[in-house]
Amino acid sequence: MRHRSLLILTTAVTAGALTLSACGSRDNNGKNDGGGEKKTVVIGVDAPLTGQNSATGLGLQYGVQIAVDDANKNNTVPGVTFKVKALDDKALPATGQQNATALVGDDKVLGVVGPLNSGVAQSMQQVFATANLVEISPSNTNPALTQGKEWTTGKKVRAYKTYFRTATTDAVQGGFAAEYATRTLKKKKLFVVDDKQAYGAGLATIFKQNFVKNGGKIVGEDHVNTGDKDFSTLVTKVKNSGADLLYYGGQYDESQIITKQLKGTGANIPLFGGDGMFTPTYIKTAGKAAEGDLATSVGVPVDTLPAAKDFIEKYKSAKYPGDYATYGGYSYDAATAIIKAVKAVMDANNGKLPDDARAKLVAAVQKSDFEGIAGHVSFDRYGDTTNKKLTAYQVKNGKWVAIKTGTYNAG
Amino acid sequence: MHTLPQQLANGLFLGSLYGLIAIGYTMVYGIVQLINFAHGEIFMTGGFGALTVYLALPDGISMGIALPLMLLGGALVAILIAVGAERFAYRPLRGAPRLAPLITAIGLSLALQQAVFNWYPDAKNDRVFPQIPGGPYHLGSITIQTGDIFLIIAAPLSMAALAFFVRLSRTGRAMQATAQDPDTAKLMGIDTNRIIMIAFAIGGLFAAVAGVAWGLKIGTVKYDMGFQAGLKAFTAAVLGGIGNIYGAMIGGVVLGLAEALATAYIADIPGMQQFGGQAWSTVWAFVLLILVLLLRPQGLLGERVSDRA
């Protein structure tokens with residue numbers, strides 16, 4: 001009796017746990033058009049759809065979804081129905097790599113948009129390169145992804161010809177932010193914190209270097225672990241360091257709590273961060289503490305772009321979850337680049353998909369040259385976007401307000 | 001830099017929080033020798049229970065009225081889950097080899113986490129927890145936030161209440177007896193099942209107080225907050241001598257202080273720059289645990305027990 005109930009219980013608990021964790025994965029391949037005349041081309045998406053960073057990750061997924069819906073509705077590529085296959089990488093490099101392998105293995109997938117995090121991208125690039133599958137990230141900003149590990153020394157080497165991005169790099173973003181902090185805000189004493197990830201640490205380093213170059217002083221440095229929640233010791237150090245600016249390299253998950261706890265001590269030091277924290281979720285969580293905080297983000301504000309008006313309306317009316325403001329426009333443009341490349345490849349092959357479609361698509365994406373909803377889309381010889389516009393935002397009355405748009409010559 | 005008093009205070013606040021959660025580990029272990037690894041998730045559901053109550057209350061309600069109700073709601077949820085876990089997940093396994101309930105505990109912890117993740121609205125992001133208005137207050141060079149005030153009042157109060165309960169009440173004495181020798185206690189007419197259930201309920205109650213304190217201190221609650229906090233609290237319980245309720249509180253405070261001081265000062269030691277700071281706080285907490293266990297295996301307040309694992 002006891003043994004049987006033990007068995008039933010263990011089975012029930014294990015099965016329960018397994019079922020629940022299985023719910024975490026998503027599949028947007030619900031519909032099946034039943035084959036027929038039209039060919040199906042799948043655009044893969046890899047982003048954190050649950051857990052850490054999922055608000056911006058979902059914004060990325062649905063940005064692609066809208067691009068695909070538009071292409072299908074307008075019959076952009078005759079004879080082809082596009083579909084989205086979105087995989088959740090949970091912001092974990094290992095999971096991203098598994099997803100990359102799964103996408104490569106699905107021969108309907110001819111292009112991938114994502115991932116969100118630079119650290120995840122590092123683990124995926126090789127998988128896509130080996131399979132000749134084109135990957136366009138709307139949000140990776142770490143320069144090493146396109147220009148190689150030694151980009152700081154000026155020795156730029158492109159390691160993966162299948163990797164592209166529609167977001168500009170942190171070399172540009174960090175320099176732009178530091179210039180804004182020192183020239184416009186007149187900040188002199190900096191405390192810098194990062195989350196030790198490829199994106200956060202890289203951005204913080206570039207900001208720091210430029211801050212010092214512009215005459216500022218570093219009064220303190222620290223690192224956090226992603227997932228940390230109690231920052232009381234850290235904010236005490238920041239408060240007592242005499243810093244007049246706290247720069248955070250990382251995502252909103254930690255920075256929104258850091259700013260809340262920092263302002264809670266009575267310190268009035270603004271937190272400045274990169275595109276990783278430029279999301280409405282940051283303000284929602286930090287509340288009043290976010291007031292006056294700053295962030296830079298790639299591109300120009302989506303809602304000021306006439307070309308993106310339609311996109312925003314579609315996003316809002318479909319009531320998609322996630323924040324479209326940060327990368328939604330770039331995700332749309334990345335998906336559009338793949339869709340246009342599919343059309344170019346088919347046009348060159350009598351309206352049919354060639355057998356080596358994946359390889360031909362890489363070359364076609366490299367030649368992209370069109371007006372996207374977030375700006376002009378074309379790629380340089382490293383796979384970086386030629387659109388190097390950036391915007392600085394500040395929280396005013398509970399909203400991110402654009403305060404300066406410009407470019408920065410990272411040299 | 002006059003940061004030492006402030007950092008000591010930070011460590012004390014964080015440590016009291018660990019201590020509150022650690023009580024649940026220590027009481028359950030003291031009575032049934034089970035490490036309830038789902039306890040961190042019980043703490044988490046306590047926080048979410050309190051948040052749910054707050055969201056159900058009308059807007060703009062003062063925290064003076066809302067906070068007791070939130071505590072009540074959080075406690076209700078946490079106690080129900082703790083007692084339910086005991087009744088349906090652990091009691092059928094009592095008498096089974098020790099590994100079986102341990103694995104059930106881990107399974108239960110995952111199941112609870114995933115349940116909140118999937119079914120609580122928007123639990124995937126940090127859910128904003130209401131704050132007590134006012135503050136920060138200044139005490140010399142120490143800044144105290146309102147969330148910390150709640151903690152510093154709630155922790156000793158609940159500890160004192162528990163000490164009175166265990167020492168002076170009939171049920172408390174029955175608990176001590178059960179902890180010492182469950183079989184003999186049963187022969188003496190003590191309903192050990194009831195006593196064990198009460199131990200789980202008290203653990204749940206303290207976890208709920210900790211859950212609310214966490215929400216007030218950190219500012220948000222999240223589905224995965226129980227994992228790391230639970231692990232730290234477990235460490236605190238072992239540090240203080242698992243099975244000893246005062247040890248849990250002291251272990252928590254020692255751990256909190258160690259974390260705060262390591263975070264603040266290790267990096268100032270020449271040659272140790274790369275081993276200091278926020279990112280290393282957990283590492284130093286565990287270094288401390290290892291040191292204590294090497295020098296005093298029974299924990300700070302634990303008694304040397306020869307025949308029990």
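How many of the 18 residues of α2(B) are buried? In this predicted model, 13 of the 18 are buried, so α2(B) is largely enclosed by the rest of the structure. Here, buried means under 20% relative accessible area, exposed over 50%, and partly exposed in between, with a 1.4 Å probe and protein chains only.

## Basis and confidence

Residues are numbered from 1 along each chain as its sequence is written, and chains are lettered from A and ligands numbered from 1 in the order in which they are written. Local features of this predicted model need pLDDT of at least 70, side-chain atom pairs count only at pLDDT 80 or more, and totals for chains, interfaces and linings use all residues, while side-chain values use heavy atoms, with hydrogens and water left out.

The model has an ipTM of 0.88 and a pTM of 0.84. For chain B, the mean pLDDT (the predictor's confidence in each residue, from 0 to 100) is 91, and 97% of the residues reach 70 or more. Helices (H or I, at least four residues) and strands (E, at least two) are DSSP runs, numbered from the N terminus.

## Overall form of chain A

Chain A contains 13 helices and 14 strands. Its radius of gyration is 22 Å, close to the 22 Å that the globule rule gives for 411 residues, so chain A is as compact as a globular protein of that length. The radius is taken over C-alpha atoms, and the globule rule is 2.2 Å times the number of residues to the power 0.38. The C-alpha trace of chain A spans about 70 × 70 × 40 Å along its principal axes.

Of the 411 residues in chain A, 60% are buried. Considering contacts (heavy atoms within 4.5 Å) in chain A between residues at least 6 apart in sequence, 73% join residues at least 24 apart. Chain A exposes about 16100 Å², of which carbon and sulfur atoms supply 53%; accessible areas come from the Shrake-Rupley method with a 1.4 Å probe, and for residues only the protein chains shown count as cover.

## Overall form of chain B

Chain B comprises 11 helices and 4 strands. Its radius of gyration of 19 Å is close to the 19 Å that the globule rule gives for 309 residues, so chain B is as compact as a globular protein of that length. Its C-alpha trace spans about 60 × 55 × 40 Å along the principal axes.

Buried residues account for 56% of the 309 in chain B. Among contacts in chain B between residues at least 6 apart in sequence, 74% join residues at least 24 apart. Helix α2(B), with 18 residues, reaches 26 Å from its first C-alpha to its last, close to the 26 Å expected at 1.5 Å a residue; the expected span is 1.5 Å times one less than the number of residues.

B:Q6 lies in helix α1 (residues 4-32) of chain B and counts as buried, at 7% relative accessibility. Leaving aside neighbours within four places in sequence, B:Q6 is in contact with A:T236, B:S141, B:I142 and B:T143.

A:T236 is one of the buried residues of α8(A). In this helix (residues 232-240), 7 of the 9 residues are buried, so α8(A) is largely enclosed by the rest of the structure. A:G242, which follows α8(A), has a positive phi near 80°.

## Hairpin and backbone features of chain A

Strands β13 (residues 389-396) and β14 (residues 399-407) of chain A run antiparallel and are joined by 8 bridges; two strands pair if DSSP finds at least two bridges between them. A:Q394 stands opposite A:V401 in β14(A). The hairpin has 2 residues between the strands, and A:N397 in this hairpin takes a positive phi near 50°.

A cis peptide bond joins A:G114 and A:P115, with omega about -5°. A:P115 is found in the loop between β3 (109-113) and α4 (118-131) of chain A. A:N132, in the loop between α4 and β4 (134-137) of chain A, has a positive phi near 60° and is partly exposed, with a relative accessible area of 25%. A:N350 lies in the loop between α12 (328-347) and α13 (357-366) of chain A; its phi is positive, about 55°, although it is not a glycine, and A:N350 counts as exposed at 74% relative accessibility.
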